[in-house]
Amino acid sequence: MDTVRKMIFVCTGNICRSPMAQGFALREAEERGLCVEIASAGTSALDGSPASRNALQACAEREIDITAHRAAQVDPAADSDDTLYICMTPQHVQWLRRVAGLPAERLALLGSGVPDPYGGDINVYRRTRDIIEMEVRELFDSLEGQLARPGETPKNAAARTFLQDDDPEPDMMPVITDMQEADLPDVAAIERRCFSDPWSLSALAESMEDPCARLMVALYGGEVCGYVCIMLTDENGYIPRVCVLPAYRRRGVATALMDAAEAAARVFGCTTLTLEVRESNSAAIALYESLGFEPLGKRPGFYTDPIEAAIVMSRPVETAEDGQ
């Protein structure tokens with residue numbers, strides 16, 4: 001892309017990271033005298049939702065006012081070819097490339113990615129805000145030069161295209177996003193396919209309303225192919241459900257869902273993750289062991305149809321320092 005006339009910051013729900021990035025980008029554009037339209041959107045946004053309370057407060061502490069923000073679903077068909085989408089994670093880049101069909105030259109990753117603060121306290125949001133503020137400034141350092149000299153490729157990594165058109169086609173990646181009401185029928189169908197005691201549509205809807213629950217779906221090629229539910233307490237993240245349709249197994253979907261669950265637990269401040277698995281489900285046990293889960297004991301007769309014991313497994317939640 002030679003000239004950027006519009007920038008759209010993209011996250012999942014468009015209530016935390018992307019509106020914060022939009023707010024800082026608007027200030028940067030004004031201070032630099034740039035003629036760039038700036039917006040934000042989500043890959044799974046509930047249109048009209050306001051920015052989260054902690055996002056509002058974190059931005060207000062930097063004199064950035066995002067109180068007028070209302071969430072919007074990303075709509076590439078409504079944008080021109082001189083629009084650059086700046087994504088918060090590689091998964092958002094992949095979603096826009098695979099699902100929305102955008103070319104690589106119109107996609108960028110903000111820095112090396114911005115962690116999701118959703119569910120965290122104000123201090124988590126402040127850390128995310130500080131990352132965004134720094135990365136947006138570096139992004140504009142490179143984009144300002146690009147606008148001044150059309151055709152010049154930005155040298156700063158913050159504005160680099162995540163995938164080049166002449167790169168070999170990468171393996172498709174699962175995209176993990178917060179479950180929305182529109183996903184309920186698909187998730188209920190997955191429940192019926194994967195479990196002998198499936199949760200009903202109403203039970204899933206009630207779980208979505210539980211403030212201690214986080215439900216996330218996996219998209220593969222734009223299709224809902226699995227989901228995870230994690231119940232969050234002060235110390236433990238309990239995973240009562242994680243499942244992937246058989247046709248999508250062995251593609252990294254389950255691992256991506258478990259990684260997303262751990263990230264949610266980390267943000268909430270949990271120190272452990274626990275789950276149960278059928279004693280005979282050797283494939284699932286092997287997966288959990290590969291992710292660091294260890295058996296704690298058994299619960300006889302925990303499962304029905306057929307009656308079977310559950311193995312209780314647990315692992316500590318890695319901190320950010322652990323993952324370095």
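Reader: What describes the crossing of the axes of α5 and α6?

Author: The two axes come within 9 Å of each other and cross at roughly 120°. Axes here are lines fitted to C-alpha atoms, for helices over the stretch in contact, and angles run from 0 to 180 degrees between N-to-C directions. The model is a predicted one, in which local features need pLDDT of at least 70 and side-chain atom pairs count only at pLDDT 80 or more, while totals for chains, interfaces and linings use all residues. Residues are numbered from 1 along each chain as its sequence is written, and side-chain values use heavy atoms, with hydrogens and water left out.

Reader: Why are α5 and α6 called oblique?

Author: Angles under 35 degrees count as roughly parallel, over 145 as roughly antiparallel, 65 to 115 as roughly perpendicular, and the rest as oblique. The crossing is at roughly 120°, and α5 and α6 are therefore oblique to each other. Their crossing is right-handed, the term for a near helix turned clockwise from the far one by less than a right angle (left-handed if anticlockwise).

Reader: Which residues make the contact between α5 and α6?

Author: Leu184, Pro185, Val187, Ala188 and Glu191 of α5 meet Leu201, Leu204, Ala205 and Met208 of α6. Contact means heavy atoms within 4.5 Å.

Reader: What makes the buried residues of α5 line one face?

Author: The buried residues of α5 (residues 184–194) are Leu184, Val187, Ala188, Ile190 and Glu191. Seen down the axis of α5, they fall within an arc of 155°, so they line one face; the arc is that of the directions from the helix axis to the C-beta atoms. Arg192 and Arg193 are exposed on the face turned away from the buried side. The buried residues pack against α6, β6, β7 and β8. α5 also lies across β6, β7 and β8, at about 85° to β7.

Reader: Why is threonine 128 counted as buried?

Author: Buried means under 20% relative accessible area, exposed over 50%, and partly exposed in between (1.4 Å probe, protein chains only). Threonine 128 is at 3%, so it counts as buried. This residue is found in helix α4 (residues 122–148). Not counting residues up to four places away in sequence, threonine 128 touches Arg17, Met20, Val114, Pro115 and Pro117.

Reader: Why is phenylalanine 268 put in another class, and where does it lie?

Author: Its relative accessible area is 31%, so it falls in the partly exposed class. Phenylalanine 268 lies in helix α7 (residues 253–268), helices being DSSP runs (H or I, at least four residues), as strands are (E, at least two), numbered from the N terminus. Leaving aside neighbours within four places in sequence, phenylalanine 268 is in contact with Gly119, Leu232, Thr233 and Asp234.

Reader: How do you know that β5 and β10 are edge strands?

Author: The open sheet of seven strands has the order β5-β6-β7-β8-β9-β11-β10, with mixed pairing. β5 (175–178) and β10 (294–303) each pair on one side only, where two strands pair if DSSP finds at least two bridges between them.

Reader: What makes the pairing mixed, and how many bridges join β8 to β9?

Author: Four bridges join β8 to β9, which run parallel, whereas β9 and β11 run antiparallel, joined by seven bridges. β10 and β11 pair in the antiparallel sense over six bridges.

Reader: Why is β11 described as largely enclosed?

Author: Eight of the nine residues of β11 (residues 308–316) are buried, so the rest of the structure largely encloses this strand.
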